[in-house]
Amino acid sequence: MMNLARWKVILVVLATVFGLLFTLPNLLPAKVRDGLPGFLPKSTLHLGLDLQGGSRLLYSVDTVALRTEKLTNMAEDVRTGLAGKTIAFTDLAVTNGEIAVRITDPAQLNDATTLLRRTLGSPLAGNSGARDVTVSSGADQRIHVAFVKEAFDAEASSAVEQNIEVIRRRIDQMGTKEPEINRQGKDRIVIEAAGESDPDRLKAIIGQTAKLTFQMVDETADPEAVAAGRLPPGDEVLVSTDGHAPSYVVKKRAPITGEMLTNAQPGFDQQGGGGALVSFRMNSLGATRFADITRQNVGKRFAIVLDKKVISAPNILGPIPGGSGQITGNFTTESATDLAVLLRAGALPAPMKVEEQRTVGAELGADAVKAGTTSAIIGLVATMIFMLLIYGGLFGGISLIALAVNAVMIIGVMSFTQVTLTLPGIAGLILTLAVAVDANVLIYERMRDELRSGKNLISSMESGFARAWGTIFDANMTHIFSALIMFNLGSGPVKGFAWTLAIGVFTTVFSAVLVTQVLLAWWFKAARPKTLPIA
């Protein structure tokens with residue numbers, strides 16, 4: 001104790017200064033924080049949904065629509081494959097979760113079945129000899145194509161995880177900090193966006209599939225035949241929102257898709273009246289295809305399709321090299337910004353449906369913060385009274401100083417790392433501070449035991465820290481393990497509690513051991529006592 005290592009003193013001073021600097025902004029009004037010098041921290045605690053209000057949405061991933069979409073795309077592969085081998089067929093359709101097609105010539109049935117088995121689907125994971133689709137022939141020369149259940153279940157599960165990543169990118173680009181996005185059950189996703197008070201805009205950004213395709217308009221289609229429901233092979237009718245036509249007949253094949261975009265930004269049409277638009281840029285593959293298509297189809301219409309709705313169908317005036325272009329339509333500034341966000345974040349692999357929508361008001365969070373603050377003050381006062389009564393003004397006061405440093409460090413670390421503080425997190429903070437003095441109690445009681453055994457003053461103080469350390473370490477390791485389990489297996493509020501608990505473990509050990517040791521060493525050097533006040 002007489003020869004305290006200098007690094008311990010330096011570490012305690014730096015940790016205390018760090019905690020004070022990053023805690024201070026939480027105590028200052030916003031105008032004062034904005035006026036602080038640039039080198040001083042200005043970040044405050046990031047409050048969760050339950051403390052500052054915001055929006056909570058519960059989505060279910062529509063795996064049925066995902067299956068239908070994949071089968072529809074595969075049906076086009078069936079059409080192309082059979083036509084390429086001049087195999088005549090009729091009644092190609094997606095029904096009851098499978099593709100059905102009738103081969104006109106019975107002599108070609110085996111050839112068609114073999115062809116489709118060889119070309120459709122992908123190898124199964126872990127079994128290269130099998131594929132993720134089954135192809136079987138049935139009565140009336142019909143071939144049935146369906147997904148293997150296990151393979152589709154794995155793909156649907158993967159689509160849920162990909163949806164979560166796309167949602168996270170979209171919310172991040174909206175400027176919302178630390179959104180809580182968690183999977184719930186097999187096909188549900190919970191989104192909590194603290195501070196986002198407009199759930200309708202959030203829902204519009206999150207829930208839109210945003211699948212962008214570029215498809216050629218089929219201007220040779222007979223309007224009367226289309227009105228009667230007789231479409232040319234490989235065509236489809238899509239509703240239009242461009243204000244020029246109610247719908248368009250377009251080719252189902254999409255040579256360019258949103259996955260080929262590398263950037264999208266909102267802007268204004270400087271030549272056509274100043275309306276809002278979205279400019280985009282493609283990768284090398286998209287740029288090559290875009291240049292080829294525009295060169296081969298000058299004078300024709302090229303439909304820009306978003307989620308099966310034509311948002312623009314401009315005429316191709318000439319070849320467009322370079323892979324950049326503009327999307328014009330009936331855009332407002334906000335809708336153009338939102339579309340750019342969607343295109344940059346990417347399309348959702350699977351469509352989603354809203355199951356629950358909830359908005360949490362900021363007033364509820366303010367009440368929770370007030371109640372939590374009151375609880376913390378009551379707990380701290382009770383702890384102070386206990387330590388002062390049991391260990392006196394000196395040793396009890398040193399414990400309380402260490403406790404104050406602990407609180408400042410916890411808030412400082414959470415402000416610095418922008419960890420979200422939730423209502424359960426406040427509970428974790430109160431719990432951490434309430435039990436933080438346990439380490440001091442262990443150290444002080446060990447000192448008493450050493451004095452009773454006949455050791456001198458210095459040896460008793462050193463043994464108090466040395467021998468209590470093992471118990472302190474073991475006790476806090478169990479807290480860390482508990483926090484890790486809650487963080488990995490829990491979600492939302494449970495994670496908030498685990499974060500605060502984990503940070504509190506490290507700061508508690510630091511303050512109870514190092515801070516207390518430094519303060520006692522300074523007192524010992526200054527006072528040169530003959531006995532300990534707690535003996």
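I looked up the radius of gyration, taken over C-alpha atoms, and found 34 Å for the chain, whereas a compact globule of 535 residues would have one near 24 Å by the rule of 2.2 Å times the number of residues to the power 0.38. I then read the spans of the C-alpha trace along its principal axes, which are about 110 × 60 × 40 Å.

I note that this is a predicted model, in which local features need pLDDT of at least 70 and side-chain atom pairs count only at pLDDT 80 or more, while totals for chains, interfaces and linings use all residues. Residues are numbered from 1 along each chain as its sequence is written, and side-chain values use heavy atoms, with hydrogens and water left out.

I checked burial next: buried residues (under 20% relative accessible area, 1.4 Å probe, protein chains only) make up 43% of the 535 residues.

I turned to contacts (heavy atoms within 4.5 Å), and of those with a separation of 6 or more, 68% come from residues 24 or more positions apart.

For secondary structure, I found 15 helices and 21 strands, counted as DSSP runs of H or I with at least four residues and of E with at least two, numbered from the N terminus.

Note on methods. Buried < 20%, exposed > 50% of the residue type's maximum accessible area, 1.4 Å probe, protein only.
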